[in-house]
Amino acid sequence: MDWIVDRRSPDAAARTLERVEHHLRSHAAVETGVAQAAAGVREAVEAQSTGTPLWLHLAWPRLTVHPVTRIDVRDGAVPLSQRAALADASGPELAVVDLGLERRVLRTFEDGPPPMPQVDVELERDGVAAVAVALLAAAEAHPAASPAQTASLAGTLLADAVEPPATAAEAAALFVAVQRALGGEAEVLRSDDASFEVGVTRSPYGPGAVGHPSVDHLSTGVAGRLAAKVDGTAAVEVEESPALGDDECRLRVVLGASSDLTRGELHRWPPSATTIDGPAPHLDLSVILPSESGSVPVVRRLAAQALRAFGVHGEDIDDVQLAITEACGNVIDHVSETDTYEVRFALAADRCAISVLDQGEGFDATVVPEDMDVTAEDGRGLALMRALVDTLAFRSEPHDGAVVHMVKNLRYDAAHPLRQSAR
């Protein structure tokens, strides 16, 4: 990411530094330390005596400050199309700021997206409608997937609709071709044998995608699948994202075995199957219950019996039961408009998803901090749910009210008869 700070206009400089802090806050793995890092950037800028504009170049975890001497520039974020010229027109480093921050991790699937059934989409024929088909196919094939996982799977289906690349440069060019076929605009920023960077200057998904980071994974799914077909393994990092408040989208893709794979969204070709041994279960269950505490054991036992029947490890069953208890208990305590609530339970391969819908106004779970102590009285149930499951999300839907959505990755007991019979 790159910004220009023109200190001849104090108000503009302050706004740009605020945007720098917002970018750090949006892309950091944790918010702790962001304010201190932003203060370090501000001090580095204010310490410069030169009257020329300053170029701030972010390459995690460092930010460098350079003078701009040979071109006219505008205060604020630098467009992707202008960055190469800016680098040529800037002087040597005036300051280096060690941010002390880690980038957020995009590990949507531990071993890369799993296999998907073939889908009849042709990008030139279908355009952006292919995205809807791919998203529906991903949701149907993996009903327990999170929104980010579903988007990543859909992206892999879009990538499979074009001829496989033979080199990193071809993968980058095909990514651009996919974006344009969907109605967007993209360009290759850089490529070599081991990596490439691409920028999306106009998203095919429209302005409504802003504020929804899961949409990024449609692009990471396309880029990762194309790159993995070249060298078997690839990882994608989201360097910039309009969904996170940036002006444009920029992806960095690394091919092959590399330490960078631990941070980006991992992709493999061919995709890895589920890690469980034996048949992959698939079960959908939905129950509507009275908003009374006596209803909680009913759904808890139903979920436990389903998991036990398929041979899920006992400790994971206990975690799911306790998470359901806490989620239902919170809903019952806050139901205000109806006398019932709904629990949806989906078991698919090595994960299960639980959604509890209160069909009313619900409660505001966002007030509970991520690091809430599970022994604290206020918010203890929400903190406990975070500790028991792998994904916990809260949302409000027009017809469903408040929804608690949980995903738990499951282990299976190798000694279970169902696992034994498959050997």
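Modeller: Contact here means heavy atoms within 4.5 Å. In the protein chain, among contacts between residues at least 6 apart in sequence, 68% join residues at least 24 apart. This is a predicted model: local features need pLDDT of at least 70, side-chain atom pairs count only at pLDDT 80 or more, and totals for chains, interfaces and linings use all residues. Residues are numbered from 1 along each chain as its sequence is written, and side-chain values use heavy atoms, with hydrogens and water left out.

Biologist: Why is S195 called buried?

Modeller: Buried means under 20% relative accessible area, exposed over 50%, partly exposed in between (1.4 Å probe, protein chains only). S195 has a relative accessible area of 10%, so S195 counts as buried.

Biologist: What makes the link between the side chains of S195 and R190 a polar contact?

Modeller: A polar contact is a pair of N or O atoms within 3.5 Å; within protein, one must be able to donate a hydrogen and the other to accept it, and residues adjacent in sequence count only if both atoms are side-chain atoms. The pair here lies at 3.1 Å.

Biologist: Why is strand β9 called largely enclosed?

Modeller: Strands (E, at least two residues) are DSSP runs, numbered from the N terminus. Six of the seven residues of β9 (residues 249-255) are buried, so the rest of the structure largely encloses β9.

Biologist: How do you know that β7 and β8 pair with β9?

Modeller: Two strands pair if DSSP finds at least two bridges between them. Six bridges join β7 (residues 195-202) to β9, antiparallel. Six also join β8 (residues 233-240) to β9, again antiparallel. Opposite R252 in β9 stand E197 and E237.

Technical notes
Helices (H or I, at least four residues) and strands (E, at least two) are DSSP runs, numbered from the N terminus.
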